[in-house]
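I am opening a notebook on a structure I have not looked at before.

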Amino acid sequence: MTAFVLRRLLQALLVMFVVGFIAFALFNFVGDPVSLMLPPEATEADRAAMRAMLGLDQPFYAQFATFLANAMHGNFGISLRLGRPVADLILERLPATLELSFIATLIGLAAGIPLGVYTALKPNSWLSRFLLAASLVGVSLPNFLIGIFLILIFAVWLGWLPSFGRGDVVHLGWWTTGFLTVSGLKALILPSITLGFFPLTIVMRLVRAEMLEVLRTDYVKFARARGLTERAINFHHALKNTLVPVITIVGLQLGGIIAFAIITETVFQWPGMGLLFVQAIQFADIPIMAAYLCLVGLIFVVINLAVDLLYVVVDPRLRVERPAGAH
Amino acid sequence: MTTKRTFHAAVLAAAALAFTVAQAATLRWSSQGDVTTMDPHANNEGFTNGFLDQIYETLVTRGKTLAIEPSLATSWERVNPTTTRFKLRPNVKFHDGTPFSADDVVFSFQRALADTSNYKTYLAGVKEARKVDDLTVDVITEGPAPVLLPQLTEVRIMSRAWCTAHNVTKPQDYRNKEETYAVRNANGTGPYMLKSREADVKTVAVANPGWWGKREGNVDEMVYMPIKSDSTRLSALLSGEIDFVLDPPVQDLPRLKENKSVKVVEGMENRTIFFGMDQARDELLYSNVKGKNPFKDARVRQAMQLAIDTAAIQKQVMRGLSVPTAVMFAPQVDGYPKDLDHPVKPDVARAKKLLADAGYPQGFEVTLDCPNNRYVNDEKICVAAAAMLAKINVKVRVNAMPRAMWGPKTQNRDTSMYMLGWGVPTFDSQYALQSLIRTHVPKTADGDYNLGGYSNPKVDEAVDKLKTEVDPAKRARLAREASEIHMKDVGHIPLHFQMIPWAMRANVSVIHRADNRLTVKWVRVQ
């Protein structure tokens with residue numbers, strides 16, 4: 001087990017290293033931050049001096065080496081756009097992204113599972129057909145379009161909800177939360193629905209497919225033969241058995257939700273890491289981009305690692321060979 | 001009795017009305033990007049400068065017509081060709097209560113000239129500021145410095161005591177991996193005081209009760225909230241969550257104008273959009289013509305100009321939001337030659353003949369480097385021009401790219417044809433002529449943005465005289481002379497001056513500025 005974990009950790013480190021290396025190689029193509037930091041009338045000498053000051057005159061592998069060396073010391077540099085330490089900026093934005101992602105996942109589960117069960121149990125009702133058609137739209141409609149529609153309806157036409165921002169937040173140590181204020185909760189509604197729409201449709205379709213599968217199995221037929229209530233059969237026996245793959249998928253999706261919150265955050269000016277990253281791209285703010293990409297790499301690596309470890313714990317077959325050698 | 005009471009009631013009502021009208025208001029405004037720093041000598045970027053003008057002040061400033069007006073200096077005189085003496089405004093206090101004096105001016109000039117400052121260009125030609133007494137400062141220049149006053153409108157004055165106390169006597173050095181105090185805190189003398197700052201979320205400033213001047217507007221609190229997405233920014237304006245948008249998307253203006261709850265104010269920006277062509281190399285970098293450079297031939301450049309219909313671009317691409325032009329700087333700029341500014345009428349037949357005469361009857365191919373997020377409709381203009389040039393068989397490949405890539409590519413002169421837009425913060429023609437059409441001299445401001453390498457000794461002579469001439473009439477004559485020669489040479493192809501629309505709620509009145517800066521002290525919210 002320890003060897004397995006160590007092996008996976010080493011692989012994870014390698015993945016992070018490769019992510020960072022590729023990212024730095026790509027930074028050559030995002031443009032030159034100096035041209036945005038200096039006025040158009042700056043002389044060539046000014047620009048060269050600035051480039052040297054930022055270390056941009058070095059080849060990318062040298063820049064990468066410097067970045068690695070500094071990152072080991074927990075130093076990710078200073079944002080070129082905002083003139084503040086990158087680590088501080090990312091820590092400030094992290095709560096916004098995590099809260100949004102959490103609520104979006106919750107929406108995905110809380111709505112996706114019952115809808116999935118319903119469409120599986122009543123496959124021929126018109127509501128099921130409608131939901132299935134709508135879920136196809138949800139899978140194929142780009143995120144930002146859903147966001148724009150929601151803003152148009154609920155902010156511009158009805159005026160019920162804010163169109164942008166996070167509302168008032170409460171500081172709890174370094175963490176900021178929008179859960180404790182009315183404006184914070186109101187601000188959360190539209191972005192989390194937008195971000196939660198895709199996982200919702202995935203969960204719904206997955207639960208439906210699994211339910212249909214399980215309902216055909218012998219033990220469900222047997223349960224029915226024993227005269228158990230439909231309710232007990234559907235929710236106690238059938239649904240429980242469909243949830244294992246659902247949890248796996250949701251776990252994997254969570255990384256995706258955090259990473260792809262970028263678009264939702266941009267549409268709603270949600271002050272999370274994704275928005276920070278988008279603005280960094282436009283400004284060629286290399287320190288932010290590097291740190292963000294590594295962080296997202298880390299999130300994916302950690303989630304994958306956790307899922308792998310969970311499999312070992314959950315699935316006895318993966319454990320069988322090992323004790324034989326150990327004893 | 002009754003009449004008397006009615007009269008009283010009327011007076012009261014009127015008073016109440018007057019009170020509501022004059023009542024202090026909050027202005028919530030937005031544009032797509034945030035102010036990058038509160039340090040007034042760190043990031044010389046147009047929007048940041050405009051924002052900091054609410055908090056920090058300069059010796060001289062621009063009034064509603066953009067004319068130079070007294071600010072922290074009440075008067076000035078030229079003592080000798082290299083010395084200008086400024087009398088400072090008495091009884092001015094910084095936001096933290098410390099009094100403003102000559103020491104702060106001397107200090108701020110030193111800070112703006114520090115090696116980590118991005119504002120050295122505004123003090124080009126300035127040696128130092130020297131204290132004469134507490135309320136008098138001499139600014140020593142290397143030469144006669146005819147554009148000193150316009151330059152000084154961008155040199156913001158900080159408090160020496162405050163900067164010393166917080167260890168920010170120099171602008172941020174990116175090599176020190178630390179945030180400096182001045183990045184998120186501000187202490188100026190201006191009409192608004194920074195109250196809170198959350199980057200990319202919200203920056204709040206409140207009226208400075210001890211300000212020396214009189215605010216003509218009624219905004220006692222301004223909240224700036226950047227919104228990156230165009231559609232969201234507009235939605236927030238329509239839903240009333242914000243009162244003012246500095247940069248409404250052009251394609252949405254017709255829709256906005258139909259909406260009664262908002263209004264659009266348009267004005268001309270002092271920015272000229274033009275195409276440049278590489279006339280320096282013996283062979284173009286990005287063309288199918290080998291062994292020679294078609295743009296070296298004035299007839300080819302003229303043919304290109306005759307093929308481009310600036311009126312059609314104004315109508316089709318800009319939807320009226322531009323003023324076609326034939327000169328390189330805008331009417332608000334001192335020295336603008338009005339009599340020369342007749343946009344060239346397109347003439348495809350003549351253009352074809354000129355091309356044939358120059359030896360390119362079959363036309364040629366060239367790549368046009370064009371930004372796609374820098375100017376209003378930048379990429380669309382390039383595409384439209386390419387279609388027009390196709391009519392004379394010049395095949396233009398539009399290479400549209402984001403600002404962060406287009407900037408360095410063109411500035412490194414790695415281009416055969418490019419789009420550029422030039423604004424004139426000094427409102428003086430020298431700024432445009434020296435950078436854009438004077439022969440390039442590396443490591444100086446001469447021709448530093450003459451990216452195609454246009455060169456004519458007569459133009460150089462006129463521009464060099466401009467650098468030291470102080471008489472306005474003579475300066476205008478020199479600017480006209482240089483412009484006329486350049487126009488005959490078709491050194492560049494000017495397209496238009498761009499218009500800038502501002503959008504706001506119907507109850508907000510503002511004064512539009514050609515430099516695209518919102519002056520909050522003039523804003524009224526009813």
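**Entry 1: where the chains meet.** I looked up the contact first. Chain A puts in 47 residues and chain B puts in 41 residues. I then asked which helices of chain A supply at least two residues each to the side that touches chain B. They are α2 (33-37), α3 (44-54), α7 (143-157), α10 (230-267) and α11 (273-283). I sorted the residues on that side of chain A by kind: 30 are nonpolar, twelve polar and five charged. I note that this is a predicted model.

**Entry 2: the cores.** Next I looked for the largest nonpolar core, and it has 143 residues. Which of them touch the most other members? I found I288(A), M289(A) and F244(B).

**Entry 3: a helix pair in chain B.** I picked α9 (residues 310-317) and α11 (residues 378-390) of chain B. They pack at an angle of about 135°, and their axes are 11 Å apart. Is that parallel or oblique? Angles over 145 degrees would count as roughly antiparallel, so α9(B) is oblique to α11(B). The crossing of the two is right-handed. From α9(B), the contact uses I313(B), Q316(B) and V317(B). From α11(B), it uses K380(B), I381(B) and A384(B). I sorted these residues too: four are nonpolar, one is polar and one is charged.

Note on methods
Residues numbered from 1 in each chain as written. Chains lettered and ligands numbered in written order. Predicted model: local features only at pLDDT ≥ 70, side-chain atom pairs only at ≥ 80, totals over all residues. Contact = placed C-beta atoms within 7 Å. Helix = DSSP H or I, 4+ residues; strand = E, 2+ residues; numbered from the N terminus. Nonpolar A, V, L, I, M, F, W, Y, C, P; charged D, E, K, R; others polar. Core = buried A, V, L, I, M, F, W, Y, C linked by C-beta atoms within 7 Å. Buried ≥ 20, exposed ≤ 12 C-beta atoms within 10 Å, placed from the backbone. Axes fitted to C-alpha atoms, helices over the stretch in contact; angles between N-to-C directions. Parallel < 35°, antiparallel > 145°, perpendicular 65-115°, else oblique. Left-handed = near helix turned anticlockwise from the far one by under 90°.
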